[in-house]
Amino acid sequence: MSNVSRRYLSVLLLSFNTQIGAFVIQQSRQVVASQCYEEVPLINPGPRLSLSCLSCIPSTTGEDNALIDQELLSPKKHTDVYLFSFNKLYESKKKRDLSQASLSLKRWKNYCLGDGGVYFDERPKSLKALNSQISTRIASDTSHFFEERNTSLIETAVLSTCARFEVVVVMSRSKSQEDPGFNPDSDDAIKDSLVGALAEQIIFQECKKSYLLKSLLPFSVFDKPQRICSNTSERIKSPFALKSLQTLTDAMKDEVMVTVNVENVSRRLCLIGAGLQDRPIFRPFSSRDAHVMAQIKRTADGAVQQHSDEKSLDTATATYCKILFDAALQCGKAARSSKAVPILDELRSASNGADGPPELSKAAALSAVKLAVNPAVAMCTAKLKAMEATNDILRLREGAAGLTRQSGRRLDSVGCAPIRNLLHEPTIRLREGKYVDIEKVLNDVQVEIDRIL
């Protein structure tokens, strides 16, 4: 037998073995499938499900017999965003023009968090330690405003630079139908809690004999989170310290500026990132003014998240603060780019260093607000509204999936396309932050199920 004949015979044998193997695998799969189908009983269409029994609807995710999480059926989640600004710290460079409360806060800030004007004076560990103390304090002081079942989620982020000291506080809580929005009592409690936490940190340091001497020394490159003390309320015991604490707390409450609402907070942060907030002139080509971008990024990295019923902190999932500061960073980049703000090319050619002609700089600032700040604020607001609507979207889709399952079908099947079409428009409205009557939509879903059966 020649070599060609042997090779041809080998190919025939290999092809025959492959076909036999495929046939055996196909037969085994059919046997296994038939056994599986024999073990699963057919779902008989049950009676029409009452909307009051939605907690017993099987979920479309996870195990088939799993029940919908009660959190999906809880009241709508409402997110409150606050920005506490201590603007009087940098209103004047002369100490005699500052109040005693501003001097104490500024000295403590430079001592614990750094001045912020030096590029390599970074204190990320101290920022996280301070955020942890503030979030823990707010969670403790505001816990009585919320029901035990509907706990709140708190995020904090401290923005400390050479020209400002501001604190972002985000609280996501359950909102009942009777709640019109911001609760004045809880809003005041958050302000009192934040100011109280900062005042205690200041007084605790001022009680140390070495504090005034160390605070007068030049900047330190060492990041010392131990300077942020925990349980300060238990360590301040002397009558003089308690009296000083009360005086400082009252003064700081009068001086702090509070910004509420997602759009307002996002706009202020975007203006800070663009170098347009509280600045006499727009300087998009100044590396010193652009240093705020690195400080904003460091602030976002140091943000913490905590649930009101938990003691543990999560520094990696401060979602709301991340969205706010990401918008500020994108706005800062766009405001300094001639691709986003074309007038910057003209300003650069007419500028002498970082400063440009006043009239042209003013026109560039207005253009940056229109082309960089406003789009960033709109994007940030839309993202946060979509996150707030996630709970209602889950309730809507899980409820519809449970109703279709009770009728012996699945929401993702071909025959349920009309039902999915009913859910499309309400889902879009929820993502846009608009009101949707979920119970009415689920009633329409049940009517459509009865029609197609």
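Analyst: Arg283 is partly exposed because its relative accessible area is 24%, and partly exposed covers what lies between buried (under 20% relative accessible area) and exposed (over 50%), with a 1.4 Å probe and protein chains only. The model is a predicted one, in which local features need pLDDT of at least 70 and side-chain atom pairs count only at pLDDT 80 or more, while totals for chains, interfaces and linings use all residues. Residues are numbered from 1 along each chain as its sequence is written, and side-chain values use heavy atoms, with hydrogens and water left out.

User: What makes the contact of Asp355 and Arg283 a salt bridge?

Analyst: A salt bridge is defined as a side-chain nitrogen of Lys or Arg within 4 Å of a carboxyl oxygen of Asp or Glu. For Asp355 and Arg283 the N to O distance is 2.8 Å, so the pair meets that definition. Asp355 sits in the loop between helix H11 (343-350) and helix H12 (358-406), Arg283 in the loop between H8 and H9, and the two are 72 residues apart; here helices are DSSP runs (H or I, at least four residues) and strands likewise (E, at least two), numbered from the N terminus. Asp355 has a relative accessible area of 39% and is therefore partly exposed. Elsewhere, salt bridges that share partners join Arg164, Glu166, Arg268 and Asp278 into one network.

User: How many salt bridges does the structure hold, and how do you know that Arg107 and Glu206 form one?

Analyst: The structure holds 18 salt bridges. In the pair of Arg107 and Glu206 the closest N and O atoms are 4.0 Å apart, and the pair is listed as a salt bridge. Arg107 belongs to helix H2 (residues 100-112) and Glu206 to helix H4 (residues 184-206), so this pair ties together parts that are 99 residues apart in sequence. Both residues are partly exposed, Arg107 at 26% relative accessibility and Glu206 at 29%.

User: Where is Ser286, and what makes it buried or exposed?

Analyst: Ser286 is placed in the loop between helix H8 (262-274) and helix H9 (287-301). Its relative accessibility is 6%, so Ser286 counts as buried. A polar atom of the Ser286 side chain lies 3.2 Å from the backbone nitrogen of Asp289.

User: What is the phi of Asn231, and what is that of Asn261?

Analyst: Most residues other than glycine have a negative phi. Asn231 has a phi near 55°, a positive value, and is found in the loop between H5 and H6; its 46% relative accessibility makes Asn231 partly exposed. For Asn261 phi is near 85°, also a positive value; Asn261 lies in the loop between strand S4 (257-260) and H8, and at 33% relative accessibility Asn261 counts as partly exposed.

Notes
Polar contact = N/O pair within 3.5 Å; in protein donor to acceptor, adjacent residues only side chain to side chain.
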